[in-house]
Amino acid sequence: MTIEVGVIMGSTSDWETMKHACDVLDELAIPYEKKVVSAHRTPDLMFEYAETARERGLKVIIAGAGGAAHLPGMTAAKTTLPVIGIPVQSKALNGLDSLLSIVQMPGGVPVATTAIGKAGATNAGLLAAQILSIADAGVAERLDKRRKETEKTVLESSDQLG
Ligand SMILES: Nc1c(C(=O)O)ncn1[C@@H]1O[C@H](COP(=O)(O)O)[C@@H](O)[C@H]1O
């Protein structure tokens with residue numbers, strides 16, 4: 001099966017957050033790869049990863065990083081594939097540093113930035129799936145089913161309020 005989504009993160013310490021994006025991709029049966037790639041610590045690998053992503057068959061890249069989170073933006077600078085950036089919650093500044101590092105891209109090089117942390121990672125997985133669903137009816141169907149299940153869960157939880 002061709003790998004369609006590349007999930008990259010600045011450090012293994014980001015995995016606690018990034019696994020929530022991977023959980024969604026697993027749930028929706030979307031083939032992906034996951035790797036540590038850092039704009040700061042492994043810049044040559046980052047360039048190579050981004051430059052070869054399209055020819056390797058990837059369709060979307062999810063990039064998560066914390067602190068001076070340059071990975072999503074630098075990846076976006078080296079590919080025209082859609083890049084979704086996840087701000088990982090940092091200890092020192094609670095992820096505000098990560099968010100601002102990712103969200104304020106200069107015009108011309110977009111990164112679709114999610115919320116900080118777990119919810120952001122979940123939404124990154126969903127957004128990647130939604131992009132793929134444009135050309136993949138199976139993914140579209142599984143997304144619809146998931147939406148309906150989410151709605152049902154919320155309605156049931158509301159009933160439990162009494
Ligand atoms: N922001 C970046 C980049 C990058 O943007 O290239 N590479 C690593 N990091 C971040 O440094 C934080 C601390 O990393 P360590 O836990 O390895 O010290 C992580 O959240 C990582 O994403």
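Student: Leaving aside its neighbours within four places in sequence, which residues is Thr2 in contact with?
Tutor: Good place to start, and keep in mind that this is a predicted model. Thr2 sits in the segment before strand 1, which covers 5-9. Once neighbours within four places in sequence are set aside, the contacts of Thr2 are Pro31 and Gly57.

Student: How far is the C-alpha atom of Thr2 from that of Leu58?
Tutor: Along the chain, 56 residues separate Thr2 and Leu58.

Student: Moving on to strand 1, is Ile8 buried or exposed?
Tutor: Ile8 belongs to strand 1. Being buried takes 20 or more other C-beta atoms within 10 Å. Ile8 has 27 of them, so Ile8 is buried.

Student: Which residues does Ile8 contact, leaving aside neighbours within four places in sequence?
Tutor: Contact here requires C-beta atoms within 7 Å. With the neighbours within four places left out, the contacts of Ile8 are Lys35, Val37, Tyr49, Ile61, Ala63 and Leu71.

Student: How far apart in space are Ile8 and Pro82?
Tutor: In sequence, Ile8 and Pro82 are 74 residues apart. Going from C-alpha to C-alpha, the separation in space is 13 Å.

Student: Why can the residues of the UniProt "binding site" annotation be said to gather at one spot?
Tutor: The annotation, from an unreviewed UniProt entry, covers Ser11, Asp14 and Arg41. They span 31 residues in sequence, yet no two of their C-alpha atoms are more than 14.5 Å apart, so they gather at one spot.

Student: What is the make-up by class of the shell around the ligand?
Tutor: The ligand is surrounded by 16 residues, and the closest are Gly10, Ser11, Ser13, Ala39 and Gly66. Sorted by class, the shell has six nonpolar, eight polar and two charged residues.

Student: What is the phi value of Ala29?
Tutor: Most residues other than glycine have a negative phi. Ala29 lies in the loop between helix 1 and strand 2, the strand being 32-36. Ala29 is exposed, with 11 other C-beta atoms within 10 Å. Its phi is positive although the residue is not glycine, with a value near 55°.

Student: What about the phi of Asn94?
Tutor: Asn94 is in the loop between strand 4 (83-88) and helix 4 (96-103). With 12 C-beta neighbours inside 10 Å, Asn94 counts as exposed. Though not a glycine, Asn94 has a positive phi of about 65°.

Student: Stepping back, what pattern does the protein chain follow along the sequence?
Tutor: The secondary structure comes to six helices and five strands. Read along the sequence, their order is β-α-β-α-β-α-β-α-β-α-α.

Student: How many residues of helix 6 are buried?
Tutor: Helix 6 runs over residues 137-159, and at 1.5 Å a residue its 23 residues should span 33 Å, which agrees with end C-alpha atoms 33 Å apart. Helix 6 lies largely in the open, because the number of its residues that are buried is one.

Student: What radius of gyration does the protein chain have?
Tutor: The C-alpha trace spans about 55 × 40 × 30 Å along its principal axes. For 162 residues, a compact globule would have a radius of gyration near 15 Å. The chain agrees with that, at 16 Å.

Conventions: Residues numbered from 1 in each chain as written. Predicted model: local features only at pLDDT ≥ 70, side-chain atom pairs only at ≥ 80, totals over all residues. Near = placed C-beta within 6 Å. Nonpolar A, V, L, I, M, F, W, Y, C, P; charged D, E, K, R; others polar. Helix = DSSP H or I, 4+ residues; strand = E, 2+ residues; numbered from the N terminus. Rg over C-alpha atoms; globule rule 2.2 N^0.38 Å. Expected span 1.5 Å × (residues − 1). Contact = placed C-beta atoms within 7 Å. UniProt positions renumbered as here; feature names shortened; annotations may be inferred.
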